[in-house]
Amino acid sequence: MLAEGRRHRARLLKERKKVQGRLTAIDREIAMLNGSGGGGAARGGGGRRKRNEKPLRDVIEGVLRKAGKPMKVGEIVAAVERTGYQSGSANFRGIVNQTLIKEKRFTSPARATYTVK
């Protein structure tokens with residue numbers, strides 16, 4: 001009886017492996033049809049994370065140094081976007097604001113206005 005159970009288990013594992021391979025191939029095909037190139041669509045992602053040459057904090061610092069005067073958050077967001085910085089965030093202004101608050105290299109001389117130390 002034990003031997004029969006082991007054989008049955010082995011058959012089921014073999015079948016499971018075959019079915020899993022087919023499912024993976026189907027997921028890959030669906031991802032290709034969605035246009036994601038097979039990246040993360042099978043895991044529920046939609047594509048790849050945006051990659052920029054410099055981190056956001058460095059881009060903000062460059063924008064503020066170039067301006068040479070304190071800037072409002074909205075102006076900073078617009079200037080960062082003009083540099084070509086790409087973000088997939090639905091609330092990019094909030095991300096910029098968090099970065100300005102968190103980073104010690106930025107200071108706020110007035111409400112919602114920032115400059116480089």
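Axes here are lines fitted to C-alpha atoms, for helices over the stretch in contact, and the angles run from 0 to 180 degrees between N-to-C directions.

A word on what we're looking at. This is a predicted model, where local features need pLDDT of at least 70 and side-chain atom pairs count only at pLDDT 80 or more, while totals for chains, interfaces and linings use all residues. Residues are numbered from 1 along each chain as its sequence is written, and side-chain values use heavy atoms, with hydrogens and water left out.

Okay, the overall layout. The chain has four helices and three strands, and from the N terminus the order is α-α-β-α-α-β-β. Those are DSSP runs numbered from the N terminus: helices are H or I with at least four residues, strands are E with at least two. Of the 117 residues in the chain, 21% are buried. Buried means under 20% relative accessible area, exposed means over 50%, and partly exposed is in between, with a 1.4 Å probe and protein chains only. The accessible surface of the chain is about 9,200 Å², and 51% of that belongs to carbon and sulfur atoms; the areas come from the Shrake-Rupley method with a 1.4 Å probe, and for residues only the protein chains shown count as cover.

Back to H3 and H4. Who actually meets whom between H3 and H4? From H3 you've got Val73, Gly74, Ile76, Val77, Val80 and Glu81, and they meet Phe92, Arg93, Val96, Asn97 and Leu100 in H4. Contact, by the way, means heavy atoms within 4.5 Å. The residues in this H3 and H4 contact split into seven nonpolar, two polar and two charged. For that count, Ala, Val, Leu, Ile, Met, Phe, Trp, Tyr, Cys and Pro are nonpolar, Asp, Glu, Lys and Arg are charged, and the others, Gly among them, are polar.

Now H3 by itself, residues 73-82. Which of its residues are buried? Val73, Ile76, Val77, Ala79 and Val80 are. They cover an arc of only 165 degrees around the axis, so they sit on the same side of H3; the arc is taken from the directions from the helix axis to the C-beta atoms. If you want the background, an α-helix has 3.6 residues a turn, so residues three or four places apart point the same way. The cover over the buried residues of H3 includes helix H2 (56-67), strand E1 (71-72), helix H4 (92-102) and strand E3 (113-116). And just after H3, Gly84 takes a positive phi of about 100 degrees.

On to H2. H2 packs on H3 at an angle of about 105 degrees, with the axes 10 Å apart, and that makes H2 roughly perpendicular to H3. On the H2 side it's Leu56, Val59, Ile60, Val63 and Leu64, meeting Ile76, Ala79 and Val80 in H3. The make-up of that contact of H2 with H3 is eight nonpolar, no polar and no charged residues.

H2 also goes up against H4: the axes come within 10 Å and cross at roughly 80 degrees, which makes H2 roughly perpendicular to H4. Leu56, Arg57, Ile60 and Leu64 of H2 make the contact with Phe92, Ile95, Val96, Thr99 and Leu100 of H4. In this contact of H2 with H4 we have seven nonpolar, one polar and one charged.

Buried or exposed: what is Glu61? Glu61 lies in helix H2 and is buried, with a relative accessible area of 17%. Leaving aside neighbours within four places in sequence, Glu61 is in contact with Arg105, Phe106 and Val116.

Over in H4 there's Gly94, partly exposed at a relative accessible area of 23%.

Last stop, the end of the chain's strands. Ala112 is in the loop between strand E2 (106-110) and E3, and has a positive phi of about 60 degrees although it is not a glycine. Thr113 lies in strand E3 and counts as buried at 13% relative accessibility.

Notes
Angles under 35 degrees count as roughly parallel, over 145 as roughly antiparallel, 65 to 115 as roughly perpendicular and the rest as oblique.
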